[in-house]
Amino acid sequence: MRRKLAAGNWKMNGLSTQLDQLDALTTAHTDPTVDLMICPPDTLVGAAAARVGNKPLMIGGQDCHHATSGAHTGDTSAEMLADAGAKAVILGHSERREDHGESDELIRQKARAAHEAGLITVICVGESLEQREAANTLDIIGGQLAASIPDNSTGENLVVAYEPIWAIGTGKIPTLDQIGEVHDFIRARLERRFGTGVGRSTRLLYGGSVKPANATEIFAVSNVDGALVGGASLKAEDFTGIISALEAAV
């Protein structure tokens, strides 16, 4: 049985004063029936992990370098994230792919390094509006899955997040049938590549304008095991509504 996951990506938002939102989350969800994760900016990872302690809220990073150390000014390695208390890391987010030109192969290298450091990887895939309108969605997703996910992936260290680029932060979302089609496709591809054990145990998240108002219907879709949430995870009150919807869907 796959345990559902509600993951929040703070992106380039958050100062130390906002760590009280973590307190609010752990107070509201003292014994959650789903896994919870917040990925703050690197500057807050250590403080967030210390603040959470042994409470049921994982702290993750938003990216990592593929090397363990070296002359890479401004970068953070997977080992550094783990040392700071992170349990996971987001990789291949469309904003990294587009803003920094990250390739599938680079994401694969980063994921391999993250797994070696003991981190769960949340690997993002998704199509642009042009690709969606050209009916190329599944070809794009299939290529990203094949090239971005390393061979050492397991159901314990891999999470895949489907985030249609055109739905991130826009208020637009695919139809429920479109979400289901992609998630079913991802599941089938993982099973074909890794076998039914890994394929069926890997959690698949949907991301892209998820809010408390639409979470319930999204979580009812086939093979949606949770959400990767952006702006709505910055405030505990908003994220709590999504978490509650996910718990109700279990």
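Helices here are DSSP runs of H or I with at least four residues, strands are runs of E with at least two, and both are numbered from the N terminus. This is a predicted model, where local features need pLDDT of at least 70, side-chain atom pairs count only at pLDDT 80 or more, and totals for chains, interfaces and linings use all residues. Residues are numbered from 1 along each chain as its sequence is written, and side-chain values use heavy atoms, with hydrogens and water left out.

**Stop one: S128.** Select S128, in the loop between β5 (120–125) and α6 (129–133). Buried or exposed? S128 is buried, with a relative accessible area of 14%; buried means under 20%, exposed over 50%, and partly exposed in between, using a 1.4 Å probe and protein chains only. Now show E130: its side chain and that of S128 make a polar contact at 3.4 Å (a pair of N or O atoms within 3.5 Å; within protein, one must be able to donate a hydrogen and the other to accept it, and residues adjacent in sequence count only if both atoms are side-chain atoms).

**Stop two: the cysteines.** Taking a disulfide as a pair of cysteine sulfur atoms within 2.5 Å, the count comes to 0. For C64, the nearest cysteine sulfur is that of C39, 12 Å away. Pick C124 next: the closest cysteine sulfur, in C39, is 9.5 Å off, too far for a bond. C64 is buried at 2% relative accessible area, and C124 is buried at 1%.

**Stop three: helix α8.** Select residues 176–194, the 19 residues of α8. Colour the buried residues, among them I179, F185, L190 and F194. Just after α8, G195 has a positive phi of about 95 degrees.

**Stop four: the pockets.** On a 1 Å grid over the protein atoms alone, a pocket is an open set of points with protein on both sides within 12 Å along at least five of seven lines, and lining residues have an atom within 4 Å of a point. The largest pocket holds about 530 Å³ of space.

Finish at the second largest pocket, with about 240 Å³. Its lining has 20 residues, and G169, S209, V229, G230 and G231 lie nearest the centre.

Technical notes:
Expected span 1.5 Å × (residues − 1). 1 Å grid on protein atoms, 1.4 Å probe; cavity = no way out; pocket = protein on both sides within 12 Å on 5 of 7 lines; lining within 4 Å. Points joined across faces, edges and corners; volume = space filled by probe spheres on them.
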